[in-house]
Amino acid sequence: MSNLSRRNAISLGVALGLASAASAVPAWASTAAPDPWWVWDDEVDALMAGLVDGGRVPAVNTALRSWVDNDDPLPSGLPADLAAWLQRVNRLPSWADPAKLRRAADFNRRKDTYLFLLYGLGSGIMSTVIPREARSVYWSAGGADMQDRAAKTFTFGYDLSDLNAFQPSGQFVVTATKTRLVHAAVRHLLPQSAHWRAVADERIPISNGDILVTFHSLGTFVHRKLREWHVPMSAADEAAFLHQWQVAMHLLGVRDEFIPQTWAAADAQSAQVLTPLLAPTPEGKELAADLLGLTAQIDLGVTRGFLNEFVRYVLSNEVGDWLGLPRDYAAATLIRTGWPAYIAFREGLLPIAPAGFYLFDQFVRALAMLFLNKGTSSTSTPITIPTGNRPGA
């Protein structure tokens, strides 16, 4: 890494609250440990490759459409080998702690306002400056319809945050398993795209390492921002929030040995595998423009300048500059002064609602509904397995 790149990584690390962990070493850094960037999901990858090449994915999608809740029986009409795999993996790991998952659900309920904002605007826009993720998304089928993809991505976080996420009546276990099928199909399809191969620095996308990077742009990032914003959290809350993400990563096919066991380990891992990698790409810039442009389709109660400045506030001016977001200094001042006061009032630390409270409240909730199934209140967004890449790719 050049000195300039190193300085950029450090400055961005400071902005994202990760610089203090920059010298830590990931758990797998020893020579005896496997490399998560060379670990995929071999069994389901082989299954999905056969289904894609055999033209059987549309029938599988039709069969899976009614499979939504965690306690739904597997639908009929699935290939026997796929049904057997689903029967085996669509369950919580033996180490899942029901008490921690219940506490995480309650924590998500209490902090939903911040989670909507940080998942939808913070993590969503950060994904466009993770080069591998941006390129994989752009050149896959999902990149051609960012509103649909944003809805599905948000639904993943929404299902995870639901009070019943891991209960029989919840949906997250099935959502994660379906997402695992999508990942397997994309791993087979993207290497067939000459456009993706021309810009990719990996042979096969969505390795365990890539999924860990995505986790750090979601769970680790959100946890750090909540602490930075002085949002009250007990040690038990923080442990439960981590545990739900540990279970989620397991359900997505990440090997247990790679999953951070503490927030300190997660911060250290993130400082090694996420922060130094962040950079603009042509694909990411276009995806970010698409995502931010979605706000024109729904009234968030704010100007585009306010939205741009909130991205800068949450992610840093460096990311804002990478994405070419025009400045609005009046909005920036309002956010810097108004957002901490908004949090303080919501947490009972201010007796009177601050000026601009309604603006922030309307903004966050409208943003959440924008991404939740294209701005409707539907209870789920169908996850379908792709049969090809981006049109023309």
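**Note on a helical protein chain**

1. The protein chain has 18 helices and zero strands. Keep in mind when reading the points below that this is a predicted model.

2. On burial, 55% of the 393 residues of the protein chain count as buried. The accessible surface of the chain amounts to about 16500 Å². Carbon and sulfur atoms hold 55% of that surface.

3. Helix α13 covers residues 263-273 and is mostly covered itself, with eight of its eleven residues buried. The buried ones are W263, A266, D267, A268, Q269, S270, A271 and V273.

4. R390 is worth a look of its own. This residue lies in the segment after α18, the helix of residues 357-371. Is R390 buried or exposed? R390 counts as buried because its relative accessibility is 16%, and the cut-off for buried is under 20%.

5. Which residues are in contact with R390, leaving aside its neighbours within four places in sequence? They are Y138, W139, S140, A141, G143, A144 and E286. A student checking the model can find R390 after α18 and then look for these contacts, including Y138 and E286.

Conventions
Residues are numbered from 1 along each chain as its sequence is written. This is a predicted model: local features need pLDDT of at least 70, side-chain atom pairs count only at pLDDT 80 or more; totals for chains, interfaces and linings use all residues. Side-chain values use heavy atoms; hydrogens and water are left out. Helices (H or I, at least four residues) and strands (E, at least two) are DSSP runs, numbered from the N terminus. Buried means under 20% relative accessible area, exposed over 50%, partly exposed in between (1.4 Å probe, protein chains only). Accessible areas come from the Shrake-Rupley method with a 1.4 Å probe; for residues, only the protein chains shown count as cover. Contact means heavy atoms within 4.5 Å.
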